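The following exercises concern the architecture of a protein complex and the contacts within it. Please examine the sequence and the structure before working through each solution.

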Amino acid sequence: MTRAGYRPSSELVPLVLAGSRLAIARMISRAEGGYAEAEDALAELYKHTGKAHIVGITGVPGAGKSTLVAALIKALTQDGRKVGVVAVDPSSPFTGGAILGDRVRMSDAAEANQAFVRSMATRGHLGGLAPATLQAVDILDAAGYSPIIVETVGVGQDEVEIVSAAHTIVVLSPPGLGDDIQAIKAGILEIADIHVVSKADKPEASAAVAALKGMLALGAARSGSKWTSPVLAVSSVSGEQMETLKATIAKHWTHLYESGELAERQRNNCRTRIFNTARHLFQQQFDERADELEQHLQAVVKREADPQAAAHALLGWNKERQK
Amino acid sequence: MATTQARSPDIVRVLVAKLGLDGHDRGAKVVARILRDAGMEVIYTGLYKTASQVVNAAIQEDVDVIGVSLLSGAHVPLFRELGKSLREHGAGHIFVVAGGVIPEQDYAALKESGVHVIIPQEARAEFIVSTINELVATRGRI
């Protein structure tokens with residue numbers, strides 16, 4: 001049923017391109033809600049994307065991501081940049097509700113007219129982002145925002161989905177979390193293009209910087225890149241090194257561009273996105289066929305069928321296909 | 001025609017805001033938690049916001065409802081300003097719910113400023129949730 005007052009997504013497209021905040025915000029909601037009606041409009045907007053520098057900011061809960069983003073918005077808007085931010089916080093696994101608190105730290109900067117800050121709940125998605133995060137980035141990109149900062153939920157050691165969502169990855173490590181063995185483990189620290197130690201005003205910060213530098217001395221994280229990930233200690237409170245961080249982010253972008261790594265990274269990001277979208281649609285399809293799933297489930301529980309066969313049946317694969 | 005149907009159910013989004021010089025947000029946080037537990041997505045603004053900051057945030061977040069908690073006694077002029085700012089920014093579609101310490105004799109003035117519902121202090125959690133759900137259900141997402 002078409003609701004009274006509902007504005008078709010196709011009408012929002014030119015408004016988004018013209019930078020209307022109301023239209024941008026509404027379009028993001030429709031992407032989040034998975035509105036079938038919005039699919040063509042999102043496809044149309046996608047044609048206008050690919051211009052923005054997308055910067056991912058990730059780190060453990062309480063590392064200082066939101067505070068850092070706030071400081072960055074301030075520094076970047078002062079340069080006259082139109083800064084977009086998508087900040088992800090977790091949804092409750094029990095009720096689906098969420099408290100999105102990133103804005104509390106960002107409000108001064110976010111309410112400046114050149115920034116657009118959108119909070120997003122994970123809505124059950126694992127990996128550090130929300131299902132519609134990339135679509136929100138597209139919408140901001142099409143509307144002329146750059147850079148676009150994507151702030152992940154507070155992550156653990158292995159939620160590295162941000163890698164395929166951004167051009168430049170900033171991994172934020174608060175001081176005092178571990179020794180140099182933590183630093184040489186695989187996972188989140190490997191994905192950093194720029195390492196930032198937060199809370200540089202605290203005395204333990206220099207030890208964290210040393211541990212990270214020690215890790216990097218053992219070998220470059222990403223093979224094939226000429227970029228060496230720097231380690232910066234910043235304080236969002238005192239503003240210490242914020243200008244350096246801003247300059248380093250810009251320098252990484254220039255590096256990607258001039259070295260040709262940008263094209264490669266964009267290709268990889270698009271590939272991952274296609275797979276992830278396909279996986280998401282699969283999942284949705286199964287959710288819609290809950291009854292069928294239940295039948296297979298019962299058979300598997302009773303040992304009448306094995307999980308592999310049930311999966312094949314769900315996918316509609318026949319015996320020939322399996323061989 | 002089912003074109004406006006979302007694949008995942010529409011989740012109600014609420015901006016919980018503190019307006020003006022009022023440093024007490026225990027109540028706002030309790031309400032935020034209640035709404036979260038009712039399955040809503042709650043964006044909290046933090047303290048000491050101006051009307052235009054709240055409106056800006058509400059637009060960017062595309063919320064259905066702005067819930068303002070006020071304990072300072074300055075509710076009449078602040079809600080007037082909020083209502084004016086919402087209309088000026090083309091965001092008159094967002095519902096405004098007032099809570100906190102608001103004497104009944106000011107209800108009429110607040111309604112005139114565009115406040116849709118005033119929730120009294122003694123309201124129970126279920127009442128707050130059902131009020132917001134009913135308000136949003138009068139229109140659905142546009």
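**Exercise 1. Determine how many helices and strands chain B holds, and in which order they run.**

Solution. Chain B has five helices and five strands, where helices (H or I, at least four residues) and strands (E, at least two) are DSSP runs numbered from the N terminus. Read from the N terminus, the order of elements is β-α-β-α-β-α-β-α-β-α. The radius of gyration of chain B is 14 Å, close to the 14 Å that the globule rule gives for 142 residues, so chain B is as compact as a globular protein of that length. This radius is taken over C-alpha atoms, and the rule is 2.2 Å times the number of residues to the power 0.38. Along the principal axes, the C-alpha atoms of chain B fill a box of roughly 45 × 35 × 25 Å.

The model is predicted: local features need pLDDT of at least 70, side-chain atom pairs count only at pLDDT 80 or more, and totals for chains, interfaces and linings use all residues. Residues are numbered from 1 along each chain as its sequence is written, while chains are lettered from A and ligands numbered from 1 in the order in which they are written.

**Exercise 2. State what share of the residues of chain B is buried.**

Solution. Of the 142 residues in chain B, 44% are buried, that is, 20 or more other C-beta atoms, placed from the backbone, lie within 10 Å of their own. For chain A, with 323 residues, the share is 43%.

**Exercise 3. Identify which elements of chain B supply at least two residues each to the side that touches chain A.**

Solution. The contact takes 35 residues from chain B and 34 residues from chain A; two residues are in contact if their C-beta atoms, placed from the backbone, lie within 7 Å. On the chain B side, α1 (26-37), β2 (41-44) and α2 (51-61) each supply at least two residues. The largest share, six residues, comes from α2(B).

**Exercise 4. Describe how helices α2 and α6 of chain A pack.**

Solution. Helix α2 (residues 21-33) of chain A and helix α6 (residues 133-142) of chain A pack at an angle of about 155°, with their axes 9 Å apart. Therefore α2(A) is roughly antiparallel to α6(A), a label for angles over 145 degrees. Helix α2(A) contributes Ile24(A), Met27(A), Ile28(A) and Ala31(A) to the contact, and α6(A) contributes Gln135(A), Ala136(A), Ile139(A) and Leu140(A).

Conventions
Axes are lines fitted to C-alpha atoms, for helices over the stretch in contact, and angles run from 0 to 180 degrees between N-to-C directions. Angles under 35 degrees count as roughly parallel, over 145 as roughly antiparallel, 65 to 115 as roughly perpendicular and the rest as oblique. A residue is buried if 20 or more other C-beta atoms lie within 10 Å of its own, exposed if 12 or fewer, and partly exposed in between; C-beta atoms are placed from the backbone.
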